[in-house]
Structures are given as structure tokens and as C-alpha cells.
Protein chains: 2
Amino acid sequence: MKVKEVADLAGVSVRTLHHYDEIGLLSPKEREESGYRVYTHTDLEKLQQILFFKELGFPLKKIKEIINDSSFNQKEALENHYKLLLDKRRRIDSLIGTVEKTIQYKKGEIVMTDEERFAGFDFSENPYEQEARDLWGEKTVNDSNAKIGGMSKQQQQELGEEFNEIYRKLAEIRHEAPDSEDAQKRIEEWYDYLNKIGDYSLDAFKGLGQMYVDDERFTKNIDKFGEGLAVFMRDAMAYYSDMHQ
Amino acid sequence: MKVKEVADLAGVSVRTLHHYDEIGLLSPKEREESGYRVYTHTDLEKLQQILFFKELGFPLKKIKEIINDSSFNQKEALENHYKLLLDKRRRIDSLIGTVEKTIQYKKGEIVMTDEERFAGFDFSENPYEQEARDLWGEKTVNDSNAKIGGMSKQQQQELGEEFNEIYRKLAEIRHEAPDSEDAQKRIEEWYDYLNKIGDYSLDAFKGLGQMYVDDERFTKNIDKFGEGLAVFMRDAMAYYSDMHQ
DNA sequence: TATAAGTCATAACGTAACGGAAGAGTCAAC
DNA sequence: GTTGACTCTTCCGTTACGTTATGACTTATA
């Protein structure tokens with residue numbers, strides 16, 4: 001399918017699809033010799049996913065992180081969408097209630113507190129946003145190590161790539177012993193990398209590793225690269241920092 | 001109430017309230033000697049209205065036009081909000097249906113057309129957006145005469161002011177005869193003004209006047225400045241163009 | 001009553017997700 | 001063989017705030 005067909009089908013603009021291509025969110029693999037974008041069935045499925053996330057208020061950057069993640073699970077995602085859409089409907093219902101009340105109030109039939117007047121607007125009041133966060137990981141793998149905050153977005157993105165690279169490499173060798181030469185070499189890379197961002201003492205480094213196992217949000221995100229990676233990293237990081245004191 | 005109280009109550013940021021003040025959407029009348037903004041009860045009611053419109057996807061500029069319009073009717077507005085929220089809920093329901101179907105599809109239980117895959121996303125498919133437009137006037141008075149498109153936003157805004165000015169003046173004299181000297185002088189201003197934007201022949205000018213009466217969207221918007229203004233303008237414009245052929 | 005914590009103000013720059021127009025190539029149809 | 005409908009890339013514009021930065025004001029507490 002060509003771009004306008006897709007746009008009409010999905011109810012988005014051609015410009016939007018171009019934009020999604022630009023930012024690498026949805027880039028149709030194929031191009032005709034003319035240079036025209038050709039969207040396959042799989043691209044349509046992906047677009048559907050994207051639109052679900054968008055409807056639920058996720059920023060495109062986050063959407064990209066989520067669905068490009070190798071461990072992204074479509075079925076799980078759909079079930080989460082389902083939950084979040086129900087929440088959203090509840091919010092709308094709450095707003096409808098507020099409108100009804102306000103109409104009555106205007107007629108002088110009831111009184112209304114200021115709080116009631118804003119019921120349904122306040123996102124923080126209901127679990128909607130929080131739930132979304134919980135379902136998809138507080139801040140995603142990319143910035144889960146904080147500190148990154150103080151850098152330019154440019155720098156962050158560049159680091160993000162390397163970040164994922166290191167995780168992938170570690171995942172590959174996660175069944176080796178944490179104190180093996182291979183593992184320790186990779187962990188050193190990890191330590192050096194972290195110190196390009198922040199300032200990690202060996203102790204902090206060790207503590208961070210422990211957190212990978214203790215904090216389930218970290219565990220979940222890290223294990224996306226491979227089951228058991230968090231534990232493996234904790235052990236390798238502990239060994240590394242003990243050895244270099 | 002001071003700004004943070006309001007922000008917390010309504011679930012918006014302080015910056016948002018500052019922004020609304022900046023653009024003149026919601027400017028608390030009172031200030032303490034310290035310069036602090038003080039929001040009254042009426043301001044809260046207005047904020048509620050604003051948030052309803054925002055929830056329904058109206059841009060702030062349009063919201064400002066609507067609620068600052070002297071003819072703005074709160075009760076009517078609330079009833080429209082109610083309708084539009086119901087629509088929105090239907091859209092969510094449709095999306096929920098789409099998720100359910102997609103899950104079944106993934107399980108291999110059903111087949112799914114590409115159209116079904118995007119049901120609920122496409123705003124143009126359901127009457128939601130169109131209804132919103134109908135309820136609040138196609139493009140509002142400001143740009144209902146098209147042509148303005150080819151100008152910088154700056155210029156448009158400047159013209160917008162004058163635009164409203166002319167309408168107001170015309171409304172003041174709308175009970176005089178359309179061929180009176182007064183009326184014809186004002187209509188000439190109107191003609192000159194239009195030709196600063198586009199290129200209106202006298203015939204086009206006459207036709208435009210007729211449209212003010214024939215197209216109920218125009219009628220509605222124009223008559224906001226005063227009941228019967230559209231008819232008055234049509235007659236005055238017809239007379240004017242006949243006289244200057 | 002001093003002083004720190006919290007809140008307020010303005011100002012100015014940054015960002016996200018496109019919109020819209022320009023200029024040029026492509027494709028199907030008549 | 002020329003329209004008319006699409007397509008491409010490029011680039012500037014816009015909306016609705018977010019995010020500091022800097023300085024003044026208020027309030028709770030030592």
C-alpha cells in the first residue's frame with residue numbers, strides 16, 4: 001500500500017506517516033524504484049500498535065522505545081491497552097458526571113464544591129497515569145540510571161545506542177560465570193560507560209548492581225535483554241568492584 | 001485562591017495557568033499588592049469550561065474566541081460538552097472493541113480486515129469532529145472568509161482585530177436602512193477591508209453577502225454580533241455592489 | 001526575630017508532533 | 001502527451017506548554 005491509502009485507512013495524515021518515518025518510528029522497509037514508500041501488512045499492524053499507544057497519551061519517543069524493544073510482546077501490549085482504555089473510559093464517565101452535576105448546579109438544583117467541579121480532570125487523582133507508568137516501566141531502560149538528565153538530548157541519544165549495545169553483548173554471555181574473563185571485560189566496559197555519564201565509585205557501582213535485582217522495575221527492564229541478565233550483572237559487578245578496590 | 005491551589009485543584013500545572021494568563025484566556029482580575037494572582041470563584045468556573053473544551057480537543061485560540069464571545073451561553077455549552085463527551089466515549093468503546101478483536105485475531109480465532117483494524121481511530125469516519133465543528137461554528141468568524149490563508153499569522157491576527165471591530169460597528173447600526181448613508185459607509189469599509197486580504201469583485205462581494213444568509217454557519221456566527229446582522233449585511237452589500245457597478 | 005523553606009513573579013529559551021507550502025518527479029487515464 | 005492526482009524531500013511555522021534562571025514575598029519554625 002502507498003502512503004495515502006494507509007493514511008486514509010488509519011485516519012492520520014500523510015505528513016504524520018512521513019514524520020513517523022523520519023523519526024524511525026515506522027519506516028516501511030520497501031521503497032519502489034520511484035522512491036515511493038510501500039507499507040506492508042506488518043507495517044499496518046505496527047501502525048495500529050502505535051496509534052493505541054498514542055491514544056493513551058504516550059509520547060512518540062517512548063512508543064518507539066517500547067515497540068522497538070526486542071522483547072516487546074504484542075499480546076501483552078494489547079492486554080495493557082485494554083486495561084488502560086477501560087481506565088480512560090472511566091475518566092470520561094467521571095467527566096460526564098461532572099457535566100451533569102454542573103448543569104444541575106447552574107439550574108440551582110444542587111450545590112457543588114470546587115473539588116467536584118474538577119472531578120475527572122485531575123489525572124493524578126485517579127490511577128490512570130500511574131498505572132500506565134507501572135505497566136510500561138518507570139522510565140524505560142534508557143534512562144533508568146538517572147544522571148543522564150544533565151546531558152543534552154543529542155548526547156543522551158548517542159549514549160542510548162551504546163547503552164543498548166552493551167546490554168545486548170552482556171546478554172549474550174550471561175550464561176558464563178560472572179567472574180570469567182569475558183564477563184569481567186564486558187562489565188568493565190559497562191563501568192567505564194557509566195562513568196562517562198555520572199561519577200560512580202566502585203561501591204556505588206556495586207550498589208547499583210544490587211538494585212538491579214532488588215528493584216523489580218530494573219529487573220524487568222534489564223531482563224528484557226535476556227532472562228537472568230540482572231542477576232548475572234549484579235554478580236559480575238560485585239566481583240568487579242571487589243577486585244579493583 | 002492563589003495559583004498553586006488552583007493548579008492542584010484542577011490538576012494542571014502552574015505554568016499552564018500562567019500561560020492561560022499570558023494569552024488572555026484566563027486572566028484573574030485581581031492581583032494582591034505583592035503582584036500575586038488571585039483567582040475568584042468565577043475564574044474557577046471559567047477554568048472548568050476551558051478544561052472541558054480542551055478535553056474535547058479544541059485549540060486554546062478557539063476556546064478563547066468561544067468563551068470570550070459576548071453571546072457565549074454557559075448552559076448551552078455544557079449541553080454540548082455532554083453530547084461531545086458521549087461521542088468520545090463511543091469512540092473509546094469502539095477502540096476497546098478493536099482491541100478485543102485484535103486479541104482474538106492474534107489468537108487465530110478470527111480474521112480481521114484492515115478496516116476493522118483501525119476502527120475507532122479514524123476521526124473522520126465517525127461524526128465526532130464534524131459534530132464539534134457544527135456545534136461551535138465551522139471556523140469561527142475570524143477566518144470564515146477564507147483567503148486569509150495566504151498571510152502571515154501576525155498579519156492575520158492584526159486583521160482579526162479590525163475584523164471584529166467592523167462587525168461591531170455594523171451591528172450597532174443594523175436597525176437602520178441598508179441603503180442609508182451610514183450603512184453604506186460602513187459597508188464600504190467592509191469591502192475595502194476584504195480587498196486587503198483577497199480580491200473581491202463587486203459581484204463576489206454581493207455573492208458573499210448572500211452566503212451570509214444562505215449558509216447557516218455564517219448566519220450563526222455573524223448574528224452573534226447582533227440578531228439580524230447577517231440579513232442587514234446581505235442587503236447593504238447587495239445595494240453597495242449594485243450602486244458601484 | 002532571623003532564617004530557611006515554600007511560593008510567587010517575570011523572562012527567555014526549549015520541545016513535541018506535526019501542519020503547510022515549495023519545488024520537482026511519477027503514474028494512470030483520457 | 002498532457003492533465004490531475006500522488007509522491008518525494010526540504011524547511012520553516014505553530015501550539016501548548018516544560019524548563020530553568022533570577023529575584024521578591026510569605027510562612028513555619030528555631
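Q: Which atoms of DNA strand C lie within 4 Å of the protein, sugar or phosphate or bases?
A: Of those atoms, 74% belong to sugar or phosphate, and the rest to bases. This is a predicted model, where local features need pLDDT of at least 70, side-chain atom pairs count only at pLDDT 80 or more, and totals for chains, interfaces and linings use all residues. Residues are numbered from 1 along each chain as its sequence is written, chains are lettered from A and ligands numbered from 1 in the order in which they are written, and side-chain values use heavy atoms, with hydrogens and water left out.

Q: How many residues surround DNA strand C?
A: 20 residues do. The closest are Ser13(A), Tyr20(A), Leu60(A), His18(B) and Arg37(B). Near means that a heavy atom of the residue lies within 4 Å of the strand.

Q: What lies 2.6 Å from a phosphate oxygen of DNA strand C?
A: A polar side-chain atom of Ser13(A).

Q: Which element gives the largest share of the surface near DNA strand C?
A: H2(A), with four residues. By class, that surface has six nonpolar, six polar and eight charged residues. Ala, Val, Leu, Ile, Met, Phe, Trp, Tyr, Cys and Pro count as nonpolar, Asp, Glu, Lys and Arg as charged, and the others, Gly among them, as polar.

Q: Switching topic: how many salt bridges are there over all chains?
A: There are 26. A salt bridge puts a side-chain nitrogen of Lys or Arg within 4 Å of a carboxyl oxygen of Asp or Glu.

Q: Which residue does Arg91(B) pair with?
A: Glu55(A), with the closest N and O atoms 2.9 Å apart. The pair crosses between chains, from helix H5 (residues 74-107) of chain B to helix H3 (residues 41-55) of chain A. Helices here are DSSP runs (H or I, at least four residues), numbered from the N terminus.

Q: Are those two buried or exposed?
A: Arg91(B) and Glu55(A) are buried. Buried means under 20% relative accessible area, exposed over 50%, and partly exposed in between (1.4 Å probe, protein chains only).

Q: And what does Lys106(A) meet in a salt bridge?
A: Glu45(B), at 2.7 Å, N to O. Lys106(A) is partly exposed at 30% relative accessibility. Glu45(B) is buried at 10%.

Q: Which residues are linked in a network of salt bridges?
A: Asp21(A), Arg31(A) and Arg37(A).

Terms used. A polar contact is a pair of N or O atoms within 3.5 Å; within protein, one must be able to donate a hydrogen and the other to accept it, and residues adjacent in sequence count only if both atoms are side-chain atoms. Helices (H or I, at least four residues) and strands (E, at least two) are DSSP runs, numbered from the N terminus.
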